[in-house]
Amino acid sequence: MRFVSSALFLLIFCMVVTSADAQAVRQTKVPWDDKFRQLDEVWPTANTYRAASGAPGHAYWQQRADYKIAVELDEEDRELTGQVTITYTNGSPDTLRYLWLNMDQNRFAGDSMYVAQRKSDGDKKESYGTLKAEYEHRDGDFGFKLDDVVDASGNDLPHTVVDTLMRIDLATPVGPSEQTTFSISWSHNITETETFFGRGGYEHFEEDGNDIFQISQWYPRMAVYSDDEGWHQKNFMGRSEFTLEFGDFDVEITVPEDHIVASTGVLQNPSDVLTYTQRERLEDAADAKSPVMIVTESEAILNEAGGSNRKKTWHFKAENVRDFAWASSRKFQWDAQGYETRDDRKVLAMSYFPREANPLWGLYSTASLIHSMDVFGKATFPYPYPVLISVNGKVGGMEYPMLAFNGPRPKKDEKTGEITYSRATKNALISVVIHEAGHNWFPMIVNSDERRWTWMDEGLNTYLQFLAEQLWEDGFPSRRGEPRDITDFMKSMDQVPIMTDGESLKNTGENAYAKPATALVILRETILGRELFDFAFAEYARRWMFKHPSPSDFFRTMEDASGVDLDWFWHGWFYTTDHVDIAVDEVTKYRIDTQDPDTEMPWKRGQAAKDPISLTQQRNEDLRKAVDDDRKLRDFYNENDRYTASNADRNKYNSAVKQLDDWESELLQNEDYFTMVGFKNLGGLVMPVILEVTYDNGETDEVRIPAEIWRHDPKKFSKLLVTDREVMGIALDPHLETADTDLNNNFWPSRALESRLELFKRKGRSGRNLMKDIEVELKGDNKDEDD
């Protein structure tokens with residue numbers, strides 16, 4: 001059973017039940033929004049491929065694609081020419097008559113669906129960059145150019161290109177457990193990164209005339225064929241990313257002789273491309289405690305001044321990866337440091353960067369890679385690959401197996417030439433390296449469908465990024481993860497549920513990164529606790545290493561491994577746009593009614609005395625009354641008010657007490673304080689209710705009420721607090737841990753929120769002074785004539 005589309009799903013969920021169950025389960029008496037309804041009727045039915053526990057089923061299968069590639073970079077024309085041989089292994093029970101491949105470079109072609117569906121805001125404005133890209137798409141020559149598509153015997157294979165996809169029709173169908181091999185020769189021009197905002201491309205440096213090439217989505221890649229989707233055939237529209245099959249890569253990259261290449265995989269021919277000294281440095285780096293320069297700044301500067309016409313081939317191999325990316329430039333410096341994983345394997349963490357990136361990159365890039373492996377490895381599984389690489393270029397942040405492109409650089413003062421970096425730039429580099437390196441876990445290894453479910457890699461990775469940032473240093477300013485930082489977005493109208501197709505998302509950064517990451521932080525810190533959450537999250541990661549999980553596999557595993565029913569949580573956070581706004585409503589204080597008239601009557605008299613005196617009574621207080629002028633009008637009731645206890649009251653009390661059991665008599669004499677607190681759910685999202693209770697002696701207690709208290713009425717509930725001290729104050733969500741969007745209704749008694757009033761000087765309303773502008777221009781012209 002496939003997932004229903006997001007638009008259809010929203011309609012279904014608004015009806016509470018699916019159409020199939022509408023007749024079987026209906027609330028016909030009153031409007032009812034069951035926040036705790038189980039999601040089994042929404043999730044795909046468990047089967048032999050995907051178990052109800054969330055684990056891969058005993059008959060789980062997936063495909064495999066092995067690649068042998070030779071590619072050459074034409075630096076002058078900024079073009080790639082390559083040939084790939086793909087060996088495709090059919091692990092499915094199906095016989096396949098055709099294969100689908102991803103041809104993602106076709107997105108840049110002028111006639112692509114991506115270009116055709118781009119829209120304007122309609123506000124009479126366009127940026128220079130947007131208009132430049134329009135012309136480049138229209139007039140440029142981008143996308144794959146296919147020379148041939150042949151089988152293992154060299155025979156042409158019929159093929160059809162459908163925008164960013166290509167179907168190859170096989171001469172002989174490939175059956176279960178069978179393989180087929182075919183080859184494609186192709187070329188394509190390399191886009192300029194800044195113009196096309198792509199995940200790769202080139203960056204040109206005017207000062208020295210060199211380029212940095214960051215090469216991605218550069219070869220025909222097999223599409224996924226899976227048990228729950230069949231062929232994954234969603235065209236690449238630029239936003240949602242990729243879903244690919246695992247395999248081994250054997251890649252030869254031919255570049256100018258003075259280029260340095262960073263790549264997925266392990267370098268096979270260092271003696272052909274590195275000097276003896278550089279090879280020695282690389283060996284030393286494996287056991288180093290700090291980064292070792294493999295290519296130094298002075299060596300990179302010499303390369304920059306070169307510009308050789310000779311070529312050199314770098315040979316890399318990568319095992320069990322889903323993709324392959326690389327970078328090449330004569331500007332690269334290169335550092336490396338070894339890291340030992342928890343399962344005692346050696347990994348080389350390496351960074352490649354131009355001199356424009358120092359001193360920032362030399363200090364923080366490789367250190368951030370190592371920190372990522374440490375934190376992510378403890379939270380999931382140890383990093384399994386032999387290298388982890390960070391490359392600086394114009395691509396701000398993009399991930400591939402073993403390699404990531406990261407953008408932040410220091411700034412150069414145009415007047416003094418001094419290179420400095422701000423605190424924000426430093427933190428941005430640390431954050432982006434952690435994030436992009438972390439993508440090796442999600443989705444490079446836990447291989448979810450990025451194109452359909454963006455949150456499954458971005459949200460989970462951003463959650464782990466938050467953990468890593470908070471363990472970098474105290475007070476690290478994480479952009480995403482803290483519940484208090486998501487509240488403005490949560491209450492906004494411009495959003496869609498997390499469980500929305502990637503191409504249909506609004507505010508992708510918030511919907512696919514921040515909101516799911518924050519949800520997981522809340523699930524860990526507030527709902528499950530760290531021990532249960534960490535075990536379940538690691539179990540999901542381990543179960544689905546090198547496999548293709550779906551959203552329900554994640555949800556089911558988290559419940560299966562934690563032992564906690566979380567359907568209400570997934571429903572609220574992932575399937576709706578509800579937000580958290582829980583309010584303290586009415587608060588009433590109680591003491592036990594002892595029923596003893598000698599105790600209760602004085603108490604009632606005291607309560608009555610606290611009532612406000614009416615305005616009429618106040619103004620009549622000094623006026624003489626009839627009973628003052630005629631004392632005979634006074635009687636017994638003028639001396640004894642209605643709160644005077646009588647013997648009849650006492651006799652009634654004594655008779656009632658004799659009928660009580662001992663434990664009932666003890667409760668009647670109980671001197672505890674009872675506080676009835678009412679709560680309202682104004683935002684719709686049910687959540688645990690966390691209270692800080694302040695007593696008359698200034699001490700505080702924390703009360704944590706589980707979300708299940710909303711089960712029978714998701715709009716309101718009351719809770720009785722029993723304490724040995726009088727409650728003087730209540731604060732809801734005192735640690736700001738639930739993403740409550742309105743703090744004004746979180747306190748009893750009401751509390752004013754403190755802030756600052758910013759003053760500004762009102763600008764004048766006068767328009768442009770054309771006379772003055774012309775006068776200034778004329779003075780300037782006269783000055784030039786005098787010179």
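A patch is made of residues with over 30% relative accessible area and no salt bridge, with like charges joined within 9 Å and nonpolar side chains (Val, Leu, Ile, Met, Phe, Trp, Tyr) joined within 5 Å. A salt bridge is a side-chain nitrogen of Lys or Arg within 4 Å of a carboxyl oxygen of Asp or Glu. Accessible areas come from the Shrake-Rupley method with a 1.4 Å probe, and for residues only the protein chains shown count as cover.

This is a predicted model, in which local features need pLDDT of at least 70 and side-chain atom pairs count only at pLDDT 80 or more, while totals for chains, interfaces and linings use all residues. Residues are numbered from 1 along each chain as its sequence is written, and side-chain values use heavy atoms, with hydrogens and water left out.

**Surface patch**

On the surface, a nonpolar patch is formed by Tyr590, Leu720 and Val722, which together have about 270 Å² of accessible area. Tyr590 belongs to strand S26 (residues 582–590); helices (H or I, at least four residues) and strands (E, at least two) are DSSP runs, numbered from the N terminus. With a relative accessible area of 41%, Tyr590 is partly exposed, a class between buried (under 20%) and exposed (over 50%).

**Open sheet**

An open sheet is formed by 4 strands in the order S29-S28-S31-S32, with antiparallel pairing. Strands S29 (700–705) and S32 (747–748) stand at the edges with a single partner strand each, so one side of each has no neighbour in the sheet. Two strands pair if DSSP finds at least two bridges between them. Strand S31 (residues 727–732) is joined to S32 by 2 bridges, and the two run antiparallel. Ala731 stands opposite Phe747 in S32.

**Aromatic contacts**

The structure holds 53 aromatic pairs. Rings of Phe, Tyr and Trp (its six-membered ring) pair if their centres lie within 6.5 Å; planes under 30 degrees apart count as stacked, over 60 as edge-to-face and the rest as tilted. Two of the pairs are tabulated here.

| Pair | Centre to centre | Angle between planes | Class |
|---|---|---|---|
| Phe236 and Phe242 | 5.0 Å | 55° | tilted |
| Phe246 and Phe546 | 5.4 Å | 70° | edge-to-face |

Phe246 is buried, with a relative accessible area of 2%. Phe236 and Phe242 are buried as well.

Phe242 also has Arg221 over its face, at 4.5 Å from the ring centre. Likewise, the charged end of Arg591 sits over the ring of Tyr673, 4.0 Å from its centre. A charge sits over a ring if NZ of Lys or CZ of Arg is within 6 Å of the ring centre and within 35 degrees of the ring normal.

**Backbone**

Most residues other than glycine have a negative phi, and most peptide bonds are trans. The bond from Asn358 to Pro359 is cis, with omega near 10°, and Pro359 lies in the loop between strand S20 (346–353) and helix H9 (360–379). Phe442 and Pro443 are also joined by a cis peptide bond, with omega about 15°.

Met402 has a positive phi, near 70°. This residue is in the loop between strand S22 (397–400) and strand S23 (403–406), and Met402 counts as buried at 1% relative accessibility. Phe546 has a positive phi too, near 60°.

Methods:
Buried < 20%, exposed > 50% of the residue type's maximum accessible area, 1.4 Å probe, protein only.
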